[in-house]
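I opened the model to look up a few surface and packing features. The entries below are in the order I made them.

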Amino acid sequence: MAFLILLIIVVVLAPIVLAIMAFVRTGRHDQEIRDLKNRIELLTHQVEADLVSRSPEPSAPGEAPPEAMTDAPQDVVMDAEFVDEGIAESAEPPEEEQEEPDEPETVPPIAANVAHEPQRPRQGFEQKLTVQWMVWLGGVAIALSGVFLVKYAADAGYFGPAARCAMAFLLGIALVTGAEWLRRNPKHGLARFAPGSYVPQALTAAGLFTAFASVYAAYGLFNLLAPLVAFAALALIAVCGFGLALLQGPFVALLGLVGGLVTPLLVSTDTPSALGLFSYVTVIIASCLAVVRYMRWWWLAFGAIAGGGAWALLWFAAQHTPGDVLVMGAFLLALAAMSLFFWWGYEIKERPANWLADMRGVTMPELAGWTGAIIVAFLMPGLVQFSDQSFASLVFVAILCGLYGWFARRVPAFDGLLVLAGLVVLFVISAWQLPGVREAYGEFPLPGGWRFLGPILDDDLVPFATTAAVFGAMFAAGGFFGLWQAKRPTVWAGVSGAVPIGLLVLSYLRINERVPDLNWSILALILAGIAVTAARMLNARRDDPRLLPALGVYAAVAVSALSFAATMMFDRALLTVALSLQLPALAWIAHVTGVKLLRWIAAALAGVVLARLALNWNVLDYPLGRSIASNWIIYGYGIPAAAFYWAARQFKQLRDDHVVTLLEGGALLFATLLVSLEIRVLVEGSLGAGRYGLFEQSLQTVSWLVIALSRMWSHAARPRFTNLWGARILMCLALAQIVFLQLLASNPVFTGDPVGRLPVFNDLFLAYALPGALLLATTWWLGRIGFGGLTKPVQFLSFILFFVFVSMEVQHAYQGQVLTGVAQSDAEFYSYSVAWLGFALVLLALGIYRQAPMLRYASLAVLLLTVAKVFLLDMADLTGLLRVASFLGLGLCLVGIGYIYQRFVFPLSDDQEVGENPESTRTES
């Protein structure tokens with residue numbers, strides 16, 4: 001409750017503070033405009049005087065004497081263009097005088113004369129503090145003193161209620177009278193109360209505040225006045241107050257508005273009346289908006305509209321009862337009507353037929369109208385909820401939608417009110433309080449578990465379904481008939497199609513458990529038929545380019561309805577499949593009609609599908625089929641991937657933008673998820689299994705690297721944002737999984753998990769050898785995706801993977817499926833040396849063949865490791881022939897490697913060979 005009160009205070013005070021700031025700025029701008037007018041008049045008079053003084057003497061008898069020109073009135077304000085022409089003519093003497101020029105006459109520049117104009121000194125901080133701000137604060141204090149005086153007299157028991165109210169009312173009248181006397185007789189106020197002074201305005205506002213409080217207290221506290229009399233008195237005070245504002249300035253209207261809205265809070269009653277309160281608030285707002293319209297103080301309208309909305313919100317939160325629905329509904333409609341019509345007749349400049357231009361060029365009156373319309377749209381669903389979905393509240397919602405639709409039709413700049421009205425209805429349906437869910441299956445079950453006919457609706461669902469149906473029909477018909485002469489037919493067509501489908505979907509989500517399945521599909525098919533009929537009628541007018549976008553919208557609505565019809569027949573995964581199938585249809589319609597709006601509809605729909613398939617953890621609990629080829633993952637991710645890909649190609653033919661990138665990214669994501677989830681089902685048999693072992697990790701890594709390689713190749717042939725970042729992300733995922741899981745956390749030496757019976761082609765091959773080969777393949781393309789700096793680290797990681805594979809295969813040959821990490825015999829220990837030497841020779845051969853220094857360096861690293869093992873470990877652990885074989889084999893390998901390096905890597909030239917054989921040198925010499 002405290003937060004709600006704070007919110008209401010902010011809603012009330014924020015517009016008032018903004019209004020005060022706008023008032024101060026407006027006053028400053030008015031002063032500047034008056035200064036500019038004075039300067040223009042002085043410039044005009046000076047130009048006229050210069051033209052008269054520089055006129056040539058008459059040389060013919062028929063010419064008028066110069067004195068005739070001096071008789072012209074000096075207070076004539078000349079047009080700016082005429083002044084410029086006069087200055088230009090005065091700068092060039094007539095041709096007759098150019099032959100015999102007189103002595104040059106020095107004319108002082110106009111700027112010099114303007115410099116002597118007396119400038120009004122700017123107000124400093126002290127002057128503003130004493131003349132403006134303190135006066136305003138004093139007016140507020142005087143007004144509060146009148147209210148507190150009434151309260152004190154009531155608490156102390158002085159006088160009777162009637163006397164107290166009468167004294168307060170007379171005090172208010174005295175303050176208003178004194179303020180007007182000061183305004184009309186400034187000489188009695190020591191010249192400080194001359195026109196422009198804020199003292200009369202502050203006193204008038206305080207008097208109005210006190211008069212408001214006295215009348216409302218007489219009615220609400222003491223029941224001294226009948227409701228009709230109190231209403232008339234309050235209306236009269238409001239009209240008088242805003243009438244005085246016309247004479248004394250906007251400050252009176254501002255403080256009168258604040259006082260009028262705050263008075264019911266200060267003077268409370270134990271039996272509040274919605275009729276009395278909101279009649280009073282309506283009069284205050286109407287009077288204020290009338291003054292705003294007449295004086296064009298547009299900034300003041302925001303305070304009046306926001307104040308009305310705050311009072312409605314406060315009443316809903318604290319005092320509302322179902323019996324107040326008529327009063328509150330009428331007040332909300334009145335607030336909406338006043339917000340939209342108070343500036344009626346104000347000319348709106350013609351702007352391009354798009355919302356972006358309308359938002360950029362919106363004026364203050366339009367913005368005030370939008371503010372009121374949005375506030376009422378926010379409060380109207382609350383009226384329905386607080387009145388327990390009464391028929392009267394629904395009627396008020398219908399009237400509001402009709403009002404918004406009528407105004408949108410009359411004022412094209414406000415056709416967005418249609419969207420606002422549709423949102424109101426959707427909010428009402430989504431927040432409808434339904435009774436507890438009870439199973440109510442149909443009487444005729446069909447194959448597949450579908451249900452049809454039977455007791456379709458229970459009695460407690462009839463109001464809900466009827467309301468949704470009536471509003472859906474109202475928007476469908478109203479939007480269709482209103483689009484023909486509309487400035488933006490797309491808006492009308494979109495609302496007429498989207499609102500009925502939205503109502504159907506919301507109803508399905510709310511009461512699906514209580515209505516048979518096929519009935520929803522039938523309703524969706526009916527909507528699709530209606531949309532197709534509307535599209536056919538528009539197709540007959542294809543020659544009108546304005547209606548072509550509306551044709552595309554109705555076609556998209558038909559596709560959406562068909563998709564929902566299929567969705568409601570199925571469940572879970574098929575829901576997303578049906579949604580994704582709308583994308584190719586939307587792309588085809590956009591390709592045929594060229595409607596740009598369909599691209600953004602497709603983008604929003606793609607976001608929904610991505611959220612359901614990529615961010616929805618519930619997919620892990622979806623039941624799977626009996627085999628890997630029959631589960632829902634095949635069509636649940638495969639069909640959306642194909643739909644996204646085809647839609648991206650279609651949209652790309654029109655324009656390559658972010659929507660195309662989104663669709664391409666979705667296609668790649670779904671294809672990757674399809675492969676990854678199928679691997680998980682293949683290994684674990686369930687998506688929700690808690691195990692993630694080495695075999696599954698290896699398969700996932702291989703699949704990611706293969707997809708990344710395909711994206712790298714595609715990006716090299718045709719650079720695309722999706723290929724670039726898809727390859728980068730998959731590459732990073734694969735590298736992280738290899739290092740942190742396959743080499744460390746899930747290493748079979750550490751976990752003791754079996755690696756398979758077959759030699760070479762086992763889990764070790766999938767975990768280390770195959771990823772190593774794929775990583776080597778990626779090094780050819782890393783530079784194309786901006787990962788050139790990872791080339792050598794990736795090569796090193798692939799070398800590590802091959803080395804681990806060779807070592808573990810040796811251990812697998814001796815120990816079987818479970819690896820211990822420790823040699824179990826001398827033969828196994830010796831075999832490591834042999835395997836490492838063979839691995840080093842293979843790396844050396846490849847390095848020489850490919851002229852790759854990195855492979856040669858890797859060969860040397862393995863060779864040095866083998867040398868260290870032989871001299872440090874084999875010498876101590878091996879005995880007999882194994883020790884001999886170890887050292888002999890190592891020695892032969894070292895000699896052979898040296899020969900190979902000298903023969904193929906660093907061959908000697910002929911000069912070097914001759915220079916090293918002195919005998920041959922002497923013979924040749």
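**Entry 1: a leucine and its patch**

I started with Leu 523, which sits in helix α20, residues 517-539. This is a predicted model, and I read everything below with that in mind.

**Entry 2: a helix pair**

Two packed helices are described by the angle between their axes and the distance between the axes. I looked up both for helix α16 (residues 391-410) and helix α17 (residues 416-430). Their axes come within 8 Å and cross at roughly 165 degrees. Angles over 145 degrees count as roughly antiparallel, so α16 is roughly antiparallel to α17. I also noted the hand of the α16 and α17 crossing, which is left-handed.

**Entry 3: salt bridges**

Side chains of opposite charge can pair when their charged atoms come close. How many salt bridges does a search of the whole structure find? I got eight. I wrote down some of them.

Arg 546 pairs with Asp 544, with the closest N and O atoms 3.9 Å apart. The cut-off for a salt bridge is 4 Å, so I kept this pair. Arg 546 is partly exposed at 32% relative accessible area, while Asp 544 is buried at 18%.

Arg 720 forms a salt bridge with Asp 656, and the closest N and O atoms are 2.5 Å apart. Where in the chain are Arg 720 and Asp 656? Arg 720 is in the loop between α27 (694-717) and α28 (721-745), and Asp 656 is in the loop between α25 (632-654) and α26 (658-684). The two residues are 64 residues apart, and I noted that the pair links distant parts of the chain. Arg 720 is buried, with a relative accessible area of 12%. Asp 656 counts as partly exposed, at 42% relative accessibility.

Arg 655 forms a salt bridge with Asp 657, the closest N and O atoms lying 3.1 Å apart. I read 34% relative accessibility for Arg 655, which counts as partly exposed. For Asp 657 I read a relative accessible area of 16%; buried means under 20%, so Asp 657 is buried.

Which residues are linked with Arg 655 and Asp 657 in a network of salt bridges? I found Arg 599 there, joined to that pair in the network.

Definitions and conventions: Residues numbered from 1 in each chain as written. Predicted model: local features only at pLDDT ≥ 70, side-chain atom pairs only at ≥ 80, totals over all residues. Heavy atoms only, no water. Helix = DSSP H or I, 4+ residues; strand = E, 2+ residues; numbered from the N terminus. Axes fitted to C-alpha atoms, helices over the stretch in contact; angles between N-to-C directions. Parallel < 35°, antiparallel > 145°, perpendicular 65-115°, else oblique. Left-handed = near helix turned anticlockwise from the far one by under 90°. Salt bridge = Lys/Arg side-chain N within 4 Å of Asp/Glu carboxyl O. Buried < 20%, exposed > 50% of the residue type's maximum accessible area, 1.4 Å probe, protein only.
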